[in-house]
Amino acid sequence: MESAILGIEGKIDELLVVLDEDIRHVRASLLRLDELRGLVVKRDQAALGRLLEKIREESQEYSLNESKRESMRMGFAAALRCGVGDMTLSRLESVLGDEKRIEVAQRKVELRSLTEKLQREHAKTAMLLSDCARFNSALLRGILGIGNTGTTTYGSDGVRRVQSNSVFVSLQF
């Protein structure tokens with residue numbers, strides 16, 4: 001087991017590089033979500049297209065880091081004789097020396113904080129897009145009269161008026 005721990009200690013620097021890339025990727029994702037919300041509000045279709053293409057490219061580049069992390073996880077799990085699903089940074093910390101343990105713990109805390117923030121920002125973005133879809137749907141139903149059996153409007157005198165025919169624009173004053 002001691003030789004396995006020594007082997008693990010040698011791979012920790014590689015793991016720290018992978019974790020740093022994970023941190024960079026989550027930070028970039030946070031910026032992209034913020035940019036996405038801004039472009040949706042501005043209704044800038046061209047910039048949205050460019051942003052989505054940029055996200056697609058970065059996602060393909062990041063997949064290499066994900067495979068490195070998963071490969072390292074399998075190696076650490078084998079060295080510690082545990083299942084891959086049980087191999088966590090906390091378990092890895094428990095077998096490391098003080099210096100490396102501190103470095104891994106710092107990355108773990110930062111990743112946890114960033115991923116929690118990413119979850120919140122993702123929820124905000126999903127709510128914005130949901131509201132946009134709901135508003136657009138209501139606007140289209142209103143303009144096209146889809147599903148209206150009779151629209152009720154009120155005049156300036158407060159008298160209720162029912163329109164039973166579907167019109168694009170009412171010219172009645």
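## R107 in helix 4

R107 sits in helix 4. Helices here are DSSP runs of H or I with at least four residues, strands are runs of E with at least two, and both are numbered from the N terminus. R107 is buried, with a relative accessible area of 15%. Buried means under 20% relative accessible area, exposed means over 50%, and partly exposed lies in between (1.4 Å probe, protein chains only).

What does R107 touch, leaving out residues up to four places away in sequence? The list is L16, L19, D20 and I23. Contact means heavy atoms within 4.5 Å. With D20 there is also a polar contact between the side chains, at 2.6 Å. A polar contact is a pair of N or O atoms within 3.5 Å; within protein, one must be able to donate a hydrogen and the other to accept it, and residues adjacent in sequence count only if both atoms are side-chain atoms.

## Source and numbering

This is a predicted model: local features need pLDDT of at least 70, side-chain atom pairs count only at pLDDT 80 or more, and totals for chains, interfaces and linings use all residues. Residues are numbered from 1 along each chain as its sequence is written, and side-chain values use heavy atoms, with hydrogens and water left out.

## The whole protein

The protein has four helices and two strands. From the N terminus on, the order is α-α-α-α-β-β. Of its 173 residues, 25% count as buried.

Accessible areas come from the Shrake-Rupley method with a 1.4 Å probe; for residues, only the protein chains shown count as cover.

## Helix 4, end to end

Helix 4 has 47 residues. At 1.5 Å a residue, it should span 69 Å. The expected span is 1.5 Å times one less than the number of residues. The end C-alpha atoms are 68 Å apart, which agrees.

Which residues of helix 4 are buried? They are K100, V104, R107, K108, L111, L114, E121 and T125. L140 is also found in helix 4. L140 belongs to a nonpolar surface patch with F135, L139, I143 and L144, and together they have about 470 Å² of accessible area. Patches are made of residues with over 30% relative accessible area and no salt bridge: like charges are joined within 9 Å, and nonpolar side chains (Val, Leu, Ile, Met, Phe, Trp, Tyr) within 5 Å.

## Salt bridges

A salt bridge is a side-chain nitrogen of Lys or Arg within 4 Å of a carboxyl oxygen of Asp or Glu. By this rule, the count comes to 14. One of them joins E110 and R27, with the closest N and O atoms 2.1 Å apart. This pair links distant parts of the chain: E110 is in helix 4 (residues 98-144), R27 is in helix 1 (residues 2-42), and 83 residues separate them. E110 is partly exposed at 26% relative accessible area. R27 is partly exposed too, at 42%.

R32 and E35 form a salt bridge at 3.8 Å, N to O. Both lie in helix 1, three residues apart, about one turn of the helix. R32 is buried at 15% relative accessible area, whereas E35 is partly exposed at 36%.

E121 and K124 also form a salt bridge, with the closest N and O atoms 3.3 Å apart. They are three residues apart in helix 4, so about one helical turn separates them. E121 is buried at 13% relative accessible area, whereas K124 is partly exposed at 45%.

D22 lies in helix 1. Its relative accessible area is 5%, so D22 is buried. Leaving aside neighbours within four places in sequence, D22 is in contact with Y62, N65, R69 and L111.

E53 is in helix 2 (residues 45-80). Is E53 buried or partly exposed? E53 counts as partly exposed, at 35% relative accessibility. A polar contact of 2.6 Å joins the side chains of E53 and R56.
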